[in-house]
Amino acid sequence: MRKMTPSSGEAWIGYSLKITQHRLRQRLEAELAGTGVSAAQNAVLLAIGDNPQISNASLARAAFVTPQSMQGMLVTLERDGFILRTPHPEHGRIIMTELTEKGKAAAEAGAMASETVERQMLAGLTKDEAKLLGELLQRCAEALEGTDK
């Protein structure tokens, strides 16, 4: 196998993915600036909106943070009035997390911001190319899943 180098002119796909992810995050943070939440917090609000009984571990995965960081994020979101956390009426160890009206409004604005940024990112692709890109990236992610040691 030939070694790729930056001067060889060959694309480093992983590096291109990282650049794209970084720019995507920057654009999303800029779009979210008026909502009062970060991109990670937006992901959490959207996940809670889809499933109020979602676990902290699942929320951490949705926001790409550690469970410890998620706990701090939930404390902040609750303090700032975006979520309400209450014990489950039948299962004492389960904490129910719900969006407040402020949280619902922020999640809706965040969803619109995400769609705006994604449309911008895909503007140079045809519909078929965008679909293919999504499928190829999914296959790449699946090929790497479970390879962490």
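Throughout this account, a residue counts as buried when its relative accessible area is under 20%, as exposed when that area is over 50%, and as partly exposed in between, with a 1.4 Å probe and protein chains only. By that scale E135 is partly exposed, because its relative accessible area is 40%. The structure is a predicted model, in which local features need pLDDT of at least 70 and side-chain atom pairs count only at pLDDT 80 or more, while totals for chains, interfaces and linings use all residues. Residues are numbered from 1 along each chain as its sequence is written, and side-chain values use heavy atoms, with hydrogens and water left out.

Which helices supply at least two residues each to the lining of the largest pocket? They are α1 (13–32), α2 (39–50), α3 (56–63), α5 (101–122) and α6 (127–144), where a helix is a DSSP run of H or I with at least four residues, numbered from the N terminus. Helix α1 gives the most to this lining, with nine residues. By class, the lining has 21 nonpolar, eight polar and six charged residues, if Ala, Val, Leu, Ile, Met, Phe, Trp, Tyr, Cys and Pro are taken as nonpolar, Asp, Glu, Lys and Arg as charged, and the others, Gly among them, as polar.

Most residues other than glycine have a negative phi. F64, however, has a positive phi of about 60° although it is not a glycine. F64 lies in the loop between α3 and α4, and it counts as exposed because its relative accessibility is 79%.

Helices α1 and α6 each supply at least two residues of the patch. Within α1, I13 is exposed because its relative accessible area is 59%. I13 and L122 are 109 residues apart in sequence, and their C-alpha atoms are 17 Å apart in space.

The charged side chains come next. Side chains of opposite charge can pair when their charged atoms come close. How many salt bridges does a search of the whole structure find? There are five, a salt bridge being a side-chain nitrogen of Lys or Arg within 4 Å of a carboxyl oxygen of Asp or Glu. In one of them R25 pairs with E29, the closest N and O atoms being 3.2 Å apart; both residues lie in helix α1, four residues apart, about one turn of the helix. R25 is partly exposed because its relative accessibility is 38%, and E29 is partly exposed because its value is 28%. In helix α6, K131 and E135 are likewise four residues apart, about one turn of the helix, and their side chains meet in a salt bridge at 4.0 Å, N to O. K131 is exposed, with a relative accessible area of 55%. Another salt bridge links R79 and D80, whose closest N and O atoms are 3.0 Å apart; R79 is exposed at 62% relative accessible area, whereas D80 is partly exposed at 28%.

Two further residues complete the tour. G103, in helix α5, counts as buried because its relative accessibility is 0%. T76, in helix α4 (residues 67–79), is partly exposed because its relative accessible area is 23%.
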